[in-house]
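Please read the points with the structure in view.

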Amino acid sequence: MTHHRRSPRLAALPAAAALLLTASGCGPSGTAASDGAAKGGTLVIGATGKLPNTDTVIGGAGFEGKRLVSFQIYEGLTRYDLSGGDAPPEITGALATSWKVAEDRRTWTFELRDGVEFQDGTPFDAAAVVFNLDRYLNEKSAYWTEALGAAAGEYAGGIKSYRALGGDRVELVTAEPNGHFPEDLAHVLIASPDAIRKTGTKDFARKPVGTGPFSFVSQREGQRVELKANKAYWRGAPKLQRLVVTALPDAAARTAALRSGDVNWIEYPNPDDIASLRADGATIATNSYDHLWYWILDTTKGPWKDARVRRAANYAINRDAIAKNLLHGTADPAHQAAPRATFAYDKAGDTYGYDPDKARRLLAEAGHAKGFSTSVTVPTGGSGNLLPVPIAEAVQRDLAAVGIRAEIRTTDWTTLISAEAKGKVALGSQAIAQSTTLFQSEALLPLFIGTGSPFWTGGYSNRKVDALLASASASPDRERRRADYREALSLVTEDAPWLFVVNDRNPRALAPQVKGLVQPQSWFLDLTGVSVGS
Amino acid sequence: MAVPVLDPPLDRPVPAVTPRRRPVRWPGAALAVPAALAVLLLVVATAAPLLAPHGAADGSLTGRLLGPGAPGHPLGTDGQGRDLLSRLLLGARPSLVGGLLPVLAATVLGTALGIAAGLGGRATEQALLRSLDVLYAFPGILLAIAVATVLTPGLTATVLSLSVVLTPAVTRVAHTEVRRIRAAEYLEAARVSGAGRGAVAVRQVLPVVAPVVLAYASSLVGLAVVYAAGLSFLGLGVAPPAPEWGAMLDELRPALLTRPELAVLPALAILAVSVVFNALGEALRRRVGVREELR
């Protein structure tokens with residue numbers, strides 16, 4: 001396996017190890033992947049956080065766990081087509097080949113793909129779909145658990161009934177018309193009923209079986225997951241032999257692991273390290289996706305209640321400096337609510353540039369000529385949050401320049417989101433800083449900008465936005481939805497319930513031996529074409 | 001690194017002695033040097049706003065991570081483009097407050113508890129000492145983190161949590177000293193002549209206990225500065241953009257690979273303070289004649 005294994009002691013001091021390696025001029029050597037004669041090699045990915053529960057939809061480690069683990073083991077009836085990098089991905093068939101919706105806009109019929117086998121060799125069919133939906137939605141099913149029900153509810157909650165129409169067709173009926181139903185189903189993962197029966201529903205995470213490109217080998221819970229190529233994968237066997245994902249929450253530890261060859265791919269390298277990684281031969285892959293780093297402001301009380309004040313703050317931020325100098329081009333400035341890599345983005349909607357004078361004028365108009373004091377809760381880390389505290393500090397300083405004195409209160413990401421999911425702000429601030437990937441999961445959009453969301457949205461409410469979201473949701477026509485979303489998001493831009501800061505470009509650093517990655521305009525990615533040479 | 005260990009002196013009977021005035025001696029260099037440096041640190045911390053060339057939050061993202069010697073920034077700039085010299089100077093105050101206040105609080109509280117345990121009768125003594133043993137069961141920094149986590153992050157949280165951590169150690173030192181003298185004849189004499197418990201504690205016991213406790217406490221300052229820095233490093237201390245050495249260390253940590261010469265600066269400041277106060281404590285300890293075996 002590894003020829004130049006670092007001593008455990010050195011591995012325990014990753015920053016120091018990295019320093020030594022810089023001094024001795026070693027670059028990413030990809031030793032982790034020099035897996036003897038294995039053709040496609042072993043890809044070892046250093047992830048930024050805890051890895052997910054491997055039982056289908058439970059996840060629980062943010063979207064990063066989904067992209068690197070859950071979506072590699074399992075598929076839904078549909079999937080994102082992540083083969084290209086030029087446009088936001090569209091939905092295509094996975095375990096279903098085609099679908100149609102009836103006149104009532106609620107009854108969907110899915111034709112299932114022939115000849116697909118689960119990784120345990122059992123056949124995929126309509127009964128498997130019904131079995132999995134029972135496990136997620138039917139409290140009377142012996143395989144249903146509360147955790148599964150809660151997790152599946154986000155995407156499958158609108159399903160009223162389902163049944164098999166023969167062996168290769170299923171009918172799903174939604175409670176309300178849902179135009180983005182095929183998109184939602186990409187997240188409703190289908191597992192092998194036979195495997196679930198064998199292990200029992202509670203222990204399925206120990207031996208998960210799906211239809212995805214990689215099958216499960218072993219794991220150290222939350223820390224490391226080892227997968228191997230599914231040779232019988234219906235789209236063709238992936239080039240890689242093995243895929244290992246390991247949790248390395250510390251950015252310096254990730255960079256050190258890449259340099260030492262313990263991993264040959266890292267997610268989110270520290271932007272300040274990118275130049276030196278590049279100089280050492282690493283490839284830095286980036287692309288836009290539906291990401292926004294923003295502050296959610298409390299629009300119900302205090303100074304942020306006044307839209308002029310919220311707009312003023314948006315004009316006060318020097319986003320270009322954050323994107324260019326702090327993040328070294330791994331993010332783009334966000335001038336509006338819609339992230340640039342979404343089908344709802346319209347360049348004409350770019351509204352907020354850097355204009356401190358205008359900010360001061362708006363503040364004076366709103367009666368805050370002398371500025372005001374406020375507070376924001378900022379997470380110290382978290383999937384997709386980039387460099388949360390440094391970005392927040394840059395925003396804080398820009399706001400201070402126009403008289404808005406924002407106190408930063410830091411807390412850990414789990415504390416922040418668990419309070420947010422209950423409609424609260426950790427540490428009781430008037431704003432929270434966070435990031436989100438909204439638009440490739442349309443089902444979630446109303447949670448962020450709709451009235452009466454169970455999440456904390458700063459109490460934002462605009463009936464026109466609600467109406468447009470409802471109209472979009474009901475429409476199976478993508479162009480129609482695009483128009484509705486565009487209008488809704490331009491209203492959000494104008495209302496400015498958020499401070500729009502940057503759109504991430506999803507940077508990852510790859511050892512020179514890693515070939516064949518197409519970086520899509522998505523948080524998710526397709527690893528079937530990736531290989532690791534010697 | 002010269003960090004004192006929080007282990008308490010052993011509880012064991014020591015022969016009773018009567019206090020006597022020690023002859024006043026001119027302190028040797030071992031005391032004078034660290035004492036002068038400690039005073040200098042306090043002066044710098046107090047006068048920092050006058051000394052610092054820039055404000056703590058001033059800077060621009062276009063001048064990030066400039067190396068030492070950059071124009072206008074003798075020690076360079078941090079990840080937000082702020083002047084490091086200014087932030088180190090301005091950070092001295094919260095860093096020292098985080099180190100000194102908890103020690104002060106622990107000294108006062110610990111001395112009172114130690115004397116109360118020593119003079120208060122067997123039941124009180126056992127109750128007090130055993131409940132402090134519970135706190136001893138946790139490693140100091142873990143206890144500090146646990147306490148700080150339930151408070152709102154900030155300097156107050158740092159001071160409170162470190163006070164909780166340090167008090168048991170001071171109590172043990174004070175208690176041991178009380179045990180040493182509590183059977184002494186002059187205490188008996190005071191009691192016989194009608195002095196109440198309070199009067200005995202304040203007039204007879206405190207003057208004996210205080211020098212020993214003060215010497216021990218000054219050696220805790222270095223430890224407290226390191227702990228306070230640790231709490232800020234974990235995001236449980238001061239809030240950004242306030243300059244505090246532990247927080248600065250955390251902020252510069254990502255630059256450890258690219259700019260090690262900047263990233264080590266706050267660490268050096270923490271080390272320097274820790275060494276100065278350890279040396280001071282050591283010198284004081286020798287001066288008041290606390291015997292080695294007590295340590």
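**Notes on the two-chain model**

1. Leaving out residues up to four places away in sequence, Pro446(A) touches Ser453(A) and Leu469(A), where contact means heavy atoms within 4.5 Å. Pro446(A) sits in helix H15 (residues 445-449) of chain A; helices (H or I, at least four residues) and strands (E, at least two) are DSSP runs, numbered from the N terminus. At 36% relative accessibility, Pro446(A) is partly exposed; buried means under 20% relative accessible area, exposed over 50%, and partly exposed in between (1.4 Å probe, protein chains only). Between the C-alpha atoms of Pro446(A) and Arg308(A), which are 138 residues apart along the chain, the separation is 24 Å.

2. On conventions: this is a predicted model, in which local features need pLDDT of at least 70 and side-chain atom pairs count only at pLDDT 80 or more, while totals for chains, interfaces and linings use all residues. Residues are numbered from 1 along each chain as its sequence is written, chains are lettered from A and ligands numbered from 1 in the order in which they are written, and side-chain values use heavy atoms, with hydrogens and water left out.

3. Two records deserve a mention. UniProt places "domain: Solute-binding protein family" (unreviewed entry) at residues 90-433 of chain A, and "domain: ABC transmembrane type-1" (unreviewed entry) at residues 92-281 of chain B. UniProt positions are given in the numbering used here, feature names are shortened, and annotations may be inferred rather than shown by experiment. In the model, residues 90-433 of chain A are 30% helix and 24% strand, with end C-alpha atoms 29 Å apart. Residues 92-281 of chain B are 82% helix and 0% strand, and the end C-alpha atoms of that span lie 20 Å apart.

4. The rule finds 3 salt bridges across the interface of chain B and chain A, a salt bridge being a side-chain nitrogen of Lys or Arg within 4 Å of a carboxyl oxygen of Asp or Glu. Arg253(B) forms a salt bridge with Asp250(A), with the closest N and O atoms 2.5 Å apart. A network of salt bridges links Glu393(A), Asp78(B), Arg82(B), Arg87(B) and Glu251(B).

5. Over all chains the structure holds 38 salt bridges. Asp55(A) pairs with Arg135(A) in a salt bridge, the closest N and O atoms being 2.7 Å apart. This pair links distant parts of the chain, 80 residues apart: Asp55(A) is in the loop between strand S1 (42-47) and helix H3 (62-73) of chain A, and Arg135(A) is in helix H4 (residues 126-137) of chain A. Asp55(A) is buried, at 3% relative accessible area, and Arg135(A) is buried too, at 0%.

6. A further salt bridge joins the side chains of Glu90(A) and Arg478(A) (3.6 Å, N to O). Here the two residues are 388 residues apart, with Glu90(A) in the loop between strand S2 (78-80) and strand S3 (91-93) of chain A and Arg478(A) in helix H17 (residues 478-495) of chain A. Glu90(A) is partly exposed at 46% relative accessibility, and Arg478(A) is partly exposed at 24%.

7. Is His291(A) buried or exposed? His291(A) is buried, with a relative accessible area of 1%, and lies in strand S13 (residues 291-297) of chain A. Leaving aside neighbours within four places in sequence, the residues in contact with His291(A) include Pro339(A), Leu386(A), Thr436(A) and Asp504(A). The side chain of His291(A) reaches the backbone nitrogen of Asp504(A) at 2.9 Å.

How values were computed. A polar contact is a pair of N or O atoms within 3.5 Å; within protein, one must be able to donate a hydrogen and the other to accept it, and residues adjacent in sequence count only if both atoms are side-chain atoms.
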